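User: Please take a close look at the interface in this model. Walk me through the elements that build it, then what lies around them.

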Amino acid sequence: MVKNAADVVIVGGGIMGCAAAYYLAKGGCSVIVLEKENAVGSGGSARNGGGVRQSGRDPRELPIAMRGIKNIWPTLAEELGVDVEYCQKGNLRLGKTAAHLDILAGLTRKAVDCGLNVKMISGDEARAINPYLSQAVLGASWCPTDGHANPLLATLAFYRRARQLGARFISGETVRAIRKNKGRARVVAAENGLYEGGTIIVAAGLGSRPLLNTVGLDVPLQPVLLETLVTEAAVEMFPQMLGTAAADFYGHQSARHGSFVFGIASGYEPFARAGFPVSSSGAAAAACRNILSYFPVLADLKIIRSWAGWIDDCADHVPVISFTDEVPGLIIACGFSGHGFGISPAVGKLLSEMVIDGQPALDLAALRYDRFGIK
Amino acid sequence: MLERKDLGGYIAAPDDDLIVCRCEEITKGEIRHAIHDGLFTLAEIRRFLRAGMGLCQGQTCGRLVKALLARELGVAPAAVEPATARSPVRPVEMRVLADNQERDDG
Ligand SMILES: Cc1cc2nc3c(=O)[nH]c(=O)nc-3n(C[C@H](O)[C@H](O)[C@H](O)COP(=O)(O)OP(=O)(O)OC[C@H]3O[C@@H](n4cnc5c(N)ncnc54)[C@H](O)[C@@H]3O)c2cc1C
């Protein structure tokens, strides 16, 4: 075998690439992971809000979320040898107006149809679950099997374990093109060399689109900017994952650490520079205002850190996890649209099944790459 | 470009118990172990251990962690890419951040 060859070459060292590398290495495959940035997990994977949710998900990706929460998340820390701060104490999605409650009821109906245990509760029932909630909350949806985890830890825990199992990681290496040999995806051309893979997985977030373009494929991804805030550690107050019908903030308190992690959509895309995401003072202020309207008790808690992150928003807001007809040997895993963290262990497992068994254990037809064409 | 090779076996040091990051109570040994586990950048060490991610945001331990990383990797501290500094510069209460809108106080 030539020096830069492996059974599988993965483009992108985010949590999808690292999780796939782990399950593939565990399954006996040789793996090379190529990451553009110097640090592993510098994209959305180390910038996200840590939600491990089923509720609020599109029915097309809900089965993946449910598989991960049932079969992988509960034992992930043990499996990887790192406490990924997983906490499965439910998700409250909060509403303050009648219109909010309509939105929540709609989402809840769809999820119940898919077999998820989620229900609408009153404001007082929500306050019985989380006594810090203000009286402004009129109702909520409640999914007791949702939760949260630490994405920075989870990403690096997959990386660390994959590396221990022999996966080769090269960072600071940007892939420029995918090349075909006898019709199959075979080689990726990177800044510092060529890498040959029996299978090539593109899990490069927003970077996936230009790469796929090099073999004549396209996936409609757009950059959307999200911002995140972290507070000083506080005494343990509540374990639930929180979201709102108004989407005016989401967040949780880190398990076994005590800091709160809150997120909000930035809205500053028209003014943001492309490339390295920069946080704004405006979004942090808006997030704090919104959070305090639900949780006035947090007013004196200090924000110690804030950052921004681009998400790879797909045209229909669910990912592409797919083989392609045109380019055998290529697997696409991108477009996670701002909610990929919760499903990432399950996606890593599915990607390994696609390589090792030739097909994923779940039906992913609704997440195909060619669903966007004009019908 | 960084090929993430093995650094060789971990050799325990007599002062591995020393606390390097006081805010998050992270010891020298934990940091050295993390480096030997493949966390080869300051960003990764921060993300994995929260060293330099507490109340002071690494103003106290930043240089120490950098020196530890440089030594384990066998490079000069200046060759280590600095960690990203992030706002706010000092911890700020949420009530203060929330209060950035103009209002009419009469
Ligand atoms: C602020 C924020 C909050 C979020 N909150 C949540 C949440 O609460 N719950 C949830 O489930 N999800 C959340 N998400 C979404 C989640 O973070 C992502 O869906 C997930 O991390 C996607 O992982 P990934 O590996 O596909 O992408 P990434 O982590 O972006 O990884 C892709 C990697 O590919 C690399 N790359 C790109 N181009 C190339 C190239 N040409 N060559 C080599 N490498 C390349 C990039 O540098 C990057 O490291 C949030 C995202 C953000 C930004």
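Analyst: Start at one strand pair. A:Tyr250 has A:Gly263, in β15(A), as its bridge partner. This is a predicted model: local features need pLDDT of at least 70, side-chain atom pairs count only at pLDDT 80 or more, and totals for chains, interfaces and linings use all residues. Residues are numbered from 1 along each chain as its sequence is written, chains are lettered from A and ligands numbered from 1 in the order in which they are written, and side-chain values use heavy atoms, with hydrogens and water left out.

Strand β14(A), residues 250-253, runs antiparallel to β15(A), and four bridges join them. Strands here are DSSP runs of E with at least two residues, helices are runs of H or I with at least four, and both are numbered from the N terminus. Two strands pair if DSSP finds at least two bridges between them. The hairpin of β14(A) and β15(A) has five residues between its strands. In that hairpin, A:Arg256 takes a positive phi near 60°.

Now the interface as a whole. On the chain A side, 49 residues are in contact with 38 residues of chain B; contact means heavy atoms within 4.5 Å. The two chains bury about 3,700 Å² between them, with 52% of it on carbon and sulfur atoms. In chain A, the residues that lose the most area to chain B are A:Arg163, A:Ile304 and A:Arg305, together 19% of what that side buries. Buried area is the accessible area (1.4 Å probe) that two parts lose on being put together, summed over both.

Which polar links cross over? The rule finds 28 residue pairs in polar contact across the interface, both residues at pLDDT 80 or more. A polar contact is a pair of N or O atoms within 3.5 Å; within protein, one must be able to donate a hydrogen and the other to accept it, and residues adjacent in sequence count only if both atoms are side-chain atoms.

The side of chain A that touches chain B draws at least two residues from each of α6 (151-164), β8 (168-171), β12 (221-233), β15 (259-265), α8 (281-294) and β16 (302-314). Its largest share, eight residues, comes from α6(A). By type, that side divides into 24 nonpolar, 14 polar and 11 charged residues. Nonpolar means Ala, Val, Leu, Ile, Met, Phe, Trp, Tyr, Cys and Pro; charged means Asp, Glu, Lys and Arg; the others, Gly among them, count as polar.

Take the charges next. Side chains of opposite charge can pair when their charged atoms come close. A salt bridge is a side-chain nitrogen of Lys or Arg within 4 Å of a carboxyl oxygen of Asp or Glu. A:Arg163 forms one with B:Asp6, the closest N and O atoms being 3.4 Å apart. A:Arg163 sits in helix α6 of chain A and B:Asp6 in the loop between β1 (2-3) and β2 (19-21) of chain B, so this pair joins two chains. A:Arg168 forms another with B:Glu3, at 2.8 Å between the closest N and O atoms.

B:Glu3 also takes part in strand pairing. In β1(B), B:Glu3 is the bridge partner of A:Ile170. β8(A) and β1(B) are antiparallel, over two bridges. Within chain A, β8(A) runs parallel to strand β2(A), residues 31-35, and four bridges join them. There A:Ile170 stands opposite A:Leu34.

A further strand pair spans the chains. β16(A) pairs with strand β4(B), residues 92-93, in the antiparallel sense over two bridges. A:Lys302 stands opposite B:Glu93 in this pairing.

B:Pro88 lies in the loop between α3 (62-73) and β4 of chain B. The peptide bond from B:Ser87 to B:Pro88 is cis, with omega near -5°. Most residues other than glycine have a negative phi, and most peptide bonds are trans.
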